[in-house]
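These entries record what I looked up in the structure shown below.

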Number of protein chains: 2
Amino acid sequence: MYKNIKVIGFDADDTLWVNETYFRDAELEFGQLMQPYETINQIDQELFKIEIENLPIYGYGIKGFILSMLETALKLSNNQVSHKNMQAILEIGKTMLNKPVELLEGVEQVLKTLSKTHRLIVATKGDLLDQERKLEKSGLIKYFHHIEVLSDKKADNYSKLLNHLDIRPEEFLMIGNSLKSDILPLVNIGAHAIHIPFHTTWQHEEVHHHDLKNKKYRTLDKISDIFAIL
Amino acid sequence: MYKNIKVIGFDADDTLWVNETYFRDAELEFGQLMQPYETINQIDQELFKIEIENLPIYGYGIKGFILSMLETALKLSNNQVSHKNMQAILEIGKTMLNKPVELLEGVEQVLKTLSKTHRLIVATKGDLLDQERKLEKSGLIKYFHHIEVLSDKKADNYSKLLNHLDIRPEEFLMIGNSLKSDILPLVNIGAHAIHIPFHTTWQHEEVHHHDLKNKKYRTLDKISDIFAIL
């Protein structure tokens, strides 16, 4: 099934290294700062709503997330949030942007081995500079032929990427943790996809069960399980 | 001199369309909001200082600019800035991100004509999503073979780009408004460069006169002057 694969694409955040955990931690911190004004549940919901509203102009990534937290803080507190807390939110963002890169188990071994037999690329979305920073810190750049930071990961974005790589969909395998961004769009254009779930997923990346019906992709527990099938 | 050129790279902001003017307008607005706390001169200096400090983590673009304005507002006002003004700063950012694209004079004609004889690319820095949005709105995408959004525009970034395009430096001509980002790094790696000044330049993009000594590049008044030399 995978014998015609020429290029393997890897998602980065929560596939190669930890990412969503830092957003969850930031949301918890934000929840504590906002507790005088609302219930944790209400704070979470409002932040998510504002993030989604802002997504078309801010895009994915930490900077847009911080701007949305600041907007939510002003709104939820009815302009009562303290200046100290506004500063604390700016600090949360800077801390996130300066985090070390924590590779997931087995990643380096998988890349090292597969890079001998396939062309490997990274296909990720988010802030350009932040993704480059993480790749740099990860020490993984040497395994990749190409790094593609996409503003979104829809079927159309992938089609353009395959075109650019000059390969047919059936020659491409994508590996990632998001059904919505790394699996479904690929399956829908006739490429291969392997899903490796991460223990936490951002709401916005969740998909309905009926969208997965009759879709051909595999799910693995951990990235090194790929040796059993490739 | 230009007869071996295979690929022409265009900077985007202030070369293809107006950009810096919107940042200047935003700074003026910010200055008015902060006037109760400091002199305009002091406000400008402090904002610039904080922007430069944040550049390594925020990178170029509107979102980092807004985050730096918010930080400056808290600092300059000694935490006295009103919530209304914090909201106003967030709004300045959204307005910038939603601005229509205003093409500079002669741009479309130049791209239309040169695209018949050369491969044209865009090489720009800033927020990925924001640059894609502007290209989309500009109606210019059809003239370009490739769009490259770079996190920075140093010699090294350009060398990688030329490598990726599979051409030698002497086969590449870059056209842009920033001596620091569009001209000097190219000249230093042996590529061609044409400078078309825009009426306003961000301080950070300015270069010292001695850096320009003996550097080979041309300066044109406006983009359509290129027809006289290519």
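Entry 1. Why is helix α8 (residues 179-188) of chain A largely enclosed by the rest of the structure? I worked from a predicted model. I found that eight of the 10 residues of this helix are buried, so the rest of the structure largely encloses α8(A). The buried residues are A:L179, A:S181, A:D182, A:I183, A:L184, A:P185, A:L186 and A:V187. I then looked up what covers them: the cover includes the strands β2 (119-125), β4 (172-176) and β5 (192-195) of chain A, together with the helices α7 (155-165) and α9 (209-212) of chain A.

Entry 2. I turned to a helix pair in chain A. The axes of α1 (residues 20-34) and α4 (residues 83-97) of chain A come within 11 Å and cross at roughly 170°. Because the angle is over 145 degrees, α1(A) is roughly antiparallel to α4(A). On the α1(A) side I listed A:Y22, A:A26, A:E29, A:F30 and A:L33, and on the α4(A) side A:N85, A:A88, A:I89, A:I92 and A:M96. By class, the residues of this contact are eight nonpolar, one polar and one charged.

Entry 3. I examined where the chains meet. In chain B, 23 residues are in contact with 23 residues of chain A. The helices α2 (40-58), α3 (62-76), α4 (83-97) and α6 (128-138) of chain B each provide at least two residues of the side that touches chain A. Of that side, α3(B) gives the most, with seven residues. I recorded its composition as 12 nonpolar, seven polar and four charged residues for the side of chain B that touches chain A.

Conventions: Residues numbered from 1 in each chain as written. Chains lettered and ligands numbered in written order. Predicted model: local features only at pLDDT ≥ 70, side-chain atom pairs only at ≥ 80, totals over all residues. Buried ≥ 20, exposed ≤ 12 C-beta atoms within 10 Å, placed from the backbone. Helix = DSSP H or I, 4+ residues; strand = E, 2+ residues; numbered from the N terminus. Contact = placed C-beta atoms within 7 Å. Nonpolar A, V, L, I, M, F, W, Y, C, P; charged D, E, K, R; others polar. Axes fitted to C-alpha atoms, helices over the stretch in contact; angles between N-to-C directions. Parallel < 35°, antiparallel > 145°, perpendicular 65-115°, else oblique.
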